[in-house]
Protein chains: 2
Amino acid sequence: MPPKKNEGSKKKPAVSEGDHEEITVAEILSKTIVGVILLALLYQFYVYIQVSIVAVPALPKFDLNVWWGPNNTKVQDSSIRPYRIVLSDSMQENLRRKFEAYRRATRIKSLNETSEYGINSEVLGQIFAHWQFKYNYREQSKYLNKYSHFKTNVQGLDIHFMRVTPQPTTENVKVLPLLLLHGWPSSVRDFYDIIPLLTTPRSGHDFVFEVIAPSLPGFTYSQGAVRPGLTTYQMAIIIRNLMEKIGVKQFFIHGEDIGSTIGSHIATIFPKQVLGFHTNTPVNLSKLAQLTLFFGAIFPTYTAGDLADKIYPLNDKFNYFLEEFGYLHLQSTKPDTLGIALQDSPLGLGAYIIEKYLLFTNPNNKINQDGGLSTFDKSALIDNVLMYWSTASITTSLRLYKESINNYDTEESLARIPTIVPTWGLRTKYDVIQQPDFILRWKYPNLIGITNLDVGGHYATFEKPNEVADDIFKAVKHFLTKTK
Amino acid sequence: MPPKKNEGSKKKPAVSEGDHEEITVAEILSKTIVGVILLALLYQFYVYIQVSIVAVPALPKFDLNVWWGPNNTKVQDSSIRPYRIVLSDSMQENLRRKFEAYRRATRIKSLNETSEYGINSEVLGQIFAHWQFKYNYREQSKYLNKYSHFKTNVQGLDIHFMRVTPQPTTENVKVLPLLLLHGWPSSVRDFYDIIPLLTTPRSGHDFVFEVIAPSLPGFTYSQGAVRPGLTTYQMAIIIRNLMEKIGVKQFFIHGEDIGSTIGSHIATIFPKQVLGFHTNTPVNLSKLAQLTLFFGAIFPTYTAGDLADKIYPLNDKFNYFLEEFGYLHLQSTKPDTLGIALQDSPLGLGAYIIEKYLLFTNPNNKINQDGGLSTFDKSALIDNVLMYWSTASITTSLRLYKESINNYDTEESLARIPTIVPTWGLRTKYDVIQQPDFILRWKYPNLIGITNLDVGGHYATFEKPNEVADDIFKAVKHFLTKTK
């Protein structure tokens, strides 16, 4: 301790080899206090970064039997009932009447030939004309029933699913269960073209798939919850319980859009039941991933490698999100208000849903005069719209966005907890969110491979079934080799 | 210049009165370069702040005759035609059929008793029941025609307006023209209760108003543009030209919501024609105002005074905006897509519009079981919805948000250019955006007064006509004293 000298201490001239001052106790104290405060603040910041961003939290304990249906029906119903999709005469008659009224009503012409103000009126006119004059309800409903549909009650909700067993195979071809999970505003309709590809044995592969494709709770044929809280990880639990109920203990998963988030949650919460996870929306939704991409903007090529020009410049990407994610903003805050109009107007619903398919398949469709419509089978797009329309389920599907915001903390925690499940990502050319491999590995340390497709967009399972089926076979072949 | 010494220069021990070193030319050069670069950067930053945020730009030169209608009708039509609001039998019949279909359709029940997921189903049920069973089309259309309506063509668009002359007055009561400007999703319906208060002479005031209330272009009875670009300052020009056309050279303005923005633009672009500007949405929309409020969060009471708890904490306010401004986000990006459903579903449109009135009148209405509906005259709310419905104009009204974003730079420039017009602000208790006086004065240096009302919300002209009328009389009395 330096000698006390409260009085008469004068600064001596500093000499070359360093300052030498006499210091008072008060000075020591004040410096110590400042130091301690700074250290405490630094520690606080460190703790915040650790706890809120970096640390891997423990897996929350989930109640696997939350009841989402009305309380007065709290009876376990063990039946698994066959189901048929019906496009009823009365619904068709109702649509005809609505279309008549729409034809007589004032229709708004777009201000230019692009879809910059929303779906172009010419594109909408083509959809309307097809729906009104060319869409064949009888044929399409026959087509929609080509696979076996079922309903069964899980946690109080009637859950719809398709189950498609493969063609009879020779002895040395294994049948592997594959859970297909659709997103928003999609439905099981997205899987109609890929299912035959997955259920048909192919040379060079000693396995084939049995497909189970449920409708998410609140989406089309599956009932929605009667109380708040049915967010993605609760859907993951419902889907896993559905698989238990139909006797499939272990399975592979392929997911897209929200279906990928739900598949990822199943892989995280029930890793022993998931043999492999394939996704064509490979993203890590943790804060750490977002912050890394944000600060990575300083060295884009270092951060993102070949993906640099799909992720950066940040400003362009930010503007793109601002421009395209208005629907997400409204659905996350006022789903019920928006739903009233969408559920009452078939064309309004069609425009709202089909716009997403057009814009997220290829951003250039926004400035194309035809909006990209010609690259799609219009009847297929309308099938999907009709699935929401005939079940009056758009509002319950929109609510998922609100639930995700309401339960953001847990959703984000789950995004930080790595899963040991073997994973394979399929990156399409035009997908909305793209992330480099090293960020995906934080969530999926067992990332067996990534395929970079130079075609396709966000709804690739629907748009590019051949490419996606090929990739699923490839991924599962790798999964099986690894686990042997 | 210090002597050159490239070789053998050694640092001497520093002495007490200051360092004394020998310095090489290279060191001088490098320090100079760094200094110059730093100065240049600082200057750049200063220029950026000056030019983009602080400086008052010159008033842009506007073409006052932009043609917004179809090119093939480019003929000046000088007529001013009387107009009658008609709620036609065929429209009523169409609504009855739509309501029938709606009654038979699956309706979605809210997950709880609040409006947290959007408008509550019980509240919507009440609106629907009133519209279907109690709303009297005959009586209401008689009521809507109680004032004189006109249409006239301005810049290619048929513009609707009401013109209400005061009761005959004694000689010493002057009649002052007052332009009333509505906002979104409002219409001239908002002014029905305040008009008699403004056109009736009152004791202690030697003036009374003649009211001119136009429908904004693209809103209800006024035609929308056929090409992009009709943003708020272009509307300001159209409204000013309308006033010219009907022979009113100088006038007072009262504006609300977007109508206030447009009124402010008229006062900025045509200051000599505006005798005084009264607004119950007193805001400065410049970047400087927003940045000041942002950094002012460090000293909230110093920045905002009595308004501190309405503006801060910033985090709460930000979350509130995030929660409530989803509609704004979607309308600013995809107005046409959203419009298709709203224009096809009367209930959807009603819910979308009335929700704004409920939530922006009092934020607590969100958690009230009745949503605040009982504080409104339901028929009046439905009148307003019907004005949009019967004119199929919701889409063209939504487009204004897109145009505002597309023309943000000029809009922001105008927000920075002060107007000499005498101004008076009315701050209601629950208005969405609140700003302290000193920030308002940047835009309105001639701010004669501010009234702080302890009732009312964003649509005060409709909700609190007595208080607003009192304030307009008070403000104009001050304006007149000042200009004497």
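Which strands of chain A does helix 6 lie across? Helix 6 (residues 232–245) of chain A lies across strand 1, strand 2, strand 3 (157–164), strand 4 (174–181), strand 5 (207–214) and strand 6 (251–255) of chain A, where contact means heavy atoms within 4.5 Å. Helix 6 of chain A runs at about 110° to strand 2 of chain A. Angles like this go from 0 to 180 degrees between N-to-C directions, and the axes are lines fitted to C-alpha atoms, for helices over the stretch in contact. Helices (H or I, at least four residues) and strands (E, at least two) are DSSP runs, numbered from the N terminus.

Before we go on, a word about what you're looking at. This is a predicted model, in which local features need pLDDT of at least 70 and side-chain atom pairs count only at pLDDT 80 or more, while totals for chains, interfaces and linings use all residues. Residues are numbered from 1 along each chain as its sequence is written, chains are lettered from A and ligands numbered from 1 in the order in which they are written, and side-chain values use heavy atoms, with hydrogens and water left out.

Now for the sheet itself. In chain A, nine strands form an open sheet with mixed pairing, in the order 1-2-3-5-4-6-7-8-9. Its edge strands are strand 1 (80–83) and strand 9 (447–452) of chain A, each pairing on one side only. On average, neighbouring strands of this sheet are turned by 25° against each other, direction ignored. Two strands pair if DSSP finds at least two bridges between them. Strand 1 and strand 2 (residues 149–154) of chain A pair in the antiparallel sense over four bridges, and Pro82(A) stands opposite Phe150(A) in strand 2 of chain A. Helix 7 (residues 258–269) of chain A packs on the sheet too, touching strand 4, strand 6 and strand 7 (274–279) of chain A. The direction of helix 7 of chain A makes about 155° with that of strand 7 of chain A.

Next, the charged pairs. Lys98(A) forms one with Asp344(A), the closest N and O atoms being 3.2 Å apart. This pair links distant parts of the chain, 246 residues apart: Lys98(A) is in helix 2 (residues 89–104) of chain A, and Asp344(A) is in the loop between helix 13 (335–342) and helix 14 (346–361) of chain A. Are these two buried or exposed? Buried means under 20% relative accessible area, exposed over 50%, and partly exposed in between (1.4 Å probe, protein chains only). Lys98(A) has 9% relative accessibility, so it counts as buried, and Asp344(A) is buried with a relative accessible area of 5%.

The side chains of Glu323(A) and Lys366(A) also meet in a salt bridge (3.1 Å, N to O). Glu323(A) counts as partly exposed at 23%, whereas Lys366(A) counts as buried at 11%. Both belong to a network of salt bridges that links Glu323(A), Glu324(A), Lys366(A), Lys334(B) and Lys402(B).

Finally, hop over to chain B. Eight of the eight residues of helix 13 (residues 335–342) of chain B are buried, so this helix is largely enclosed by the rest of the structure. Among them are Pro335(B), Asp336(B) and Leu342(B).

Definitions and conventions:
A salt bridge is a side-chain nitrogen of Lys or Arg within 4 Å of a carboxyl oxygen of Asp or Glu.
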